[in-house]
Amino acid sequence: MLLAAYMVPHPPILLNEIGKGEEQKINKTKQAYEQIAKEIAKLRPDTILIFSPHAPSYRNYIAISSGDEAKGDFSQFHASQVSFHERYDKKLIEKIEKEAQIAKIPAGTLGDDAQLLDHGTMVPLYFIEKEYHDFEIVRIGVSDLDIDIQVTFGKCIAKAIKEMNQKIVVIASGDLSHRLKADGPYGYCEEGPVFDKEIVRIMKENDFDALQTINQSVLKECAQCGLPSFLMLTGILSQYAYRTRFLSYEGTFGVGYGICAIDIEKDPLVALAKMSLEHYVRYHTVLSSAFIPEKMNMPKAVFVSLHINNRLRGCIGTLAPMKKNVGEEIIANAISAGTRDPRFHAVRKEELHLIEYSVDILGDPEPASRDDDLDVKRYGVIVDDGLRRGVLLPDLEGVDTFDQQLRIALSKAGIDEADDFRIQRFEVIRHHEM
């Protein structure tokens, strides 16, 4: 089970033992690191998978560090007293290697078997282990393989994670441009700030697909090291519904340090709705039924609701099942809520990161009357006169009485309160976004 993922930099100067006060110049980065360490401690993962550009790396092969354990310290940065001794998760490594072989991805444990940890791995561990220790690691290097191969390898990892009966956190370690300032490590070039600005936008807007289309001339000149880690993370995230939380960005020393938390949607129904609409808006195709979990094989009536800043942005549903299972019902209604609700224009790509989702699974309607004084928190209402029909879901903000609920439903149907009409009530199981 994937619990969360994080994009982090790896400047050794962040450590008090190395920075000796200079770390205060990038205090936002340090505070963000301390925040994610506390979050990981609360999640209590069994395994932390770390992509590092400074792990053993090859141009045409993605190396997964092997063996039982690895050690390392910061003696290279005159702080040998800061040391690490980590255990490798051999079972997850075997699963990932197997999935890569099936997908014909050149990745595995055939590379350098040196068991010295690198600083791209140790900087994240430095903060995490101040809060939490009970985990194993998987360490994966980077490559110069084609972008689509790196993303596909991430998908292989996602498949391996889903097959494991354990809790996993992913860390994509990587600095941004090293060419932000004339007195920085590689001097200044205009492509440096351009690259960093785009990565920050991607972090803020959940737009990881854009990593695959960054201008090649920008990549050639900006002297970054994080993109391969981020691309493999992109492949993992493509198999989940998620939401990003941008935490910090600093370029004080002429190198870009960005930190982003990625929360994985835990409710499978909400996750499916989110994936469905985002996939449709980005690619103009319907999400494959392969993403429907096996437990969603029963036909059910479903409403999918979208909100931005607590204001309705779309809502479409069915009062009886129209598809062969609830998964297909959610996919269809999520797309319709975002693109075919006549009250709103179609959702734009730029809005996707703002949308909050809820999925209501409807029970069977039953007859009701004005005299029932229905509990509007528990029951939704359907009104119809044989030609027109109005529906209102339960537990809506600002709807506190049955009279209010009934008037709104009648208004939606265009039925006058003095007309003859039938009332039905129904219960729902509501699934909210985290």
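Reader: Which cut-offs decide whether a residue is buried, partly exposed or exposed?

Author: Buried means under 20% relative accessible area and exposed means over 50%, with partly exposed in between (1.4 Å probe, protein chains only).

Reader: Good to know! What kind of model is this, and how are residues numbered?

Author: This is a predicted model, in which local features need pLDDT of at least 70 and side-chain atom pairs count only at pLDDT 80 or more, while totals for chains, interfaces and linings use all residues. Side-chain values use heavy atoms, without hydrogens and water, and residues are numbered along each chain as its sequence is written, from 1.

Reader: How many helices and strands does the chain have, and what share of its residues is buried?

Author: Helices (H or I, at least four residues) and strands (E, at least two) are DSSP runs, numbered from the N terminus. By that rule the chain has 11 helices and 17 strands. Its C-alpha trace spans about 85 × 45 × 40 Å along the principal axes. Of the 434 residues, the buried share is 56%.

Reader: How many aromatic pairs are found in the whole structure?

Author: Rings of Phe, Tyr and Trp (its six-membered ring) pair if their centres lie within 6.5 Å; planes under 30 degrees apart are stacked, over 60 edge-to-face, and the rest tilted. A search of the whole structure gives a count of seven.

Reader: Which helices does the pair of Tyr-33 and Phe-127 link?

Author: These two rings are stacked, at 4.5 Å centre to centre with 10° between the planes. The partners lie 94 residues apart and so belong to distant parts of the chain. Tyr-33 sits in helix H2 (residues 27-43) and Phe-127 in helix H4 (residues 119-128).

Reader: Is the pair of Phe-74 and Phe-77 stacked or tilted?

Author: Phe-74 is buried, with a relative accessible area of 0%. The centres of Phe-74 and Phe-77 are 6.1 Å apart, and with 55° between the planes the pair is tilted.

Reader: What separates the C-alpha atoms of Ile-40 and Ile-168?

Author: Ile-40 belongs to helix H2 and counts as buried because its relative accessibility is 0%. Ile-168 is 128 residues from Ile-40 along the chain, and their C-alpha atoms are separated by 10.0 Å.

Reader: Where is Asp-416, and is it buried or partly exposed?

Author: Asp-416 lies in the loop between helix H11 (402-413) and strand S17 (422-432). Its relative accessibility is 44%, so Asp-416 counts as partly exposed.
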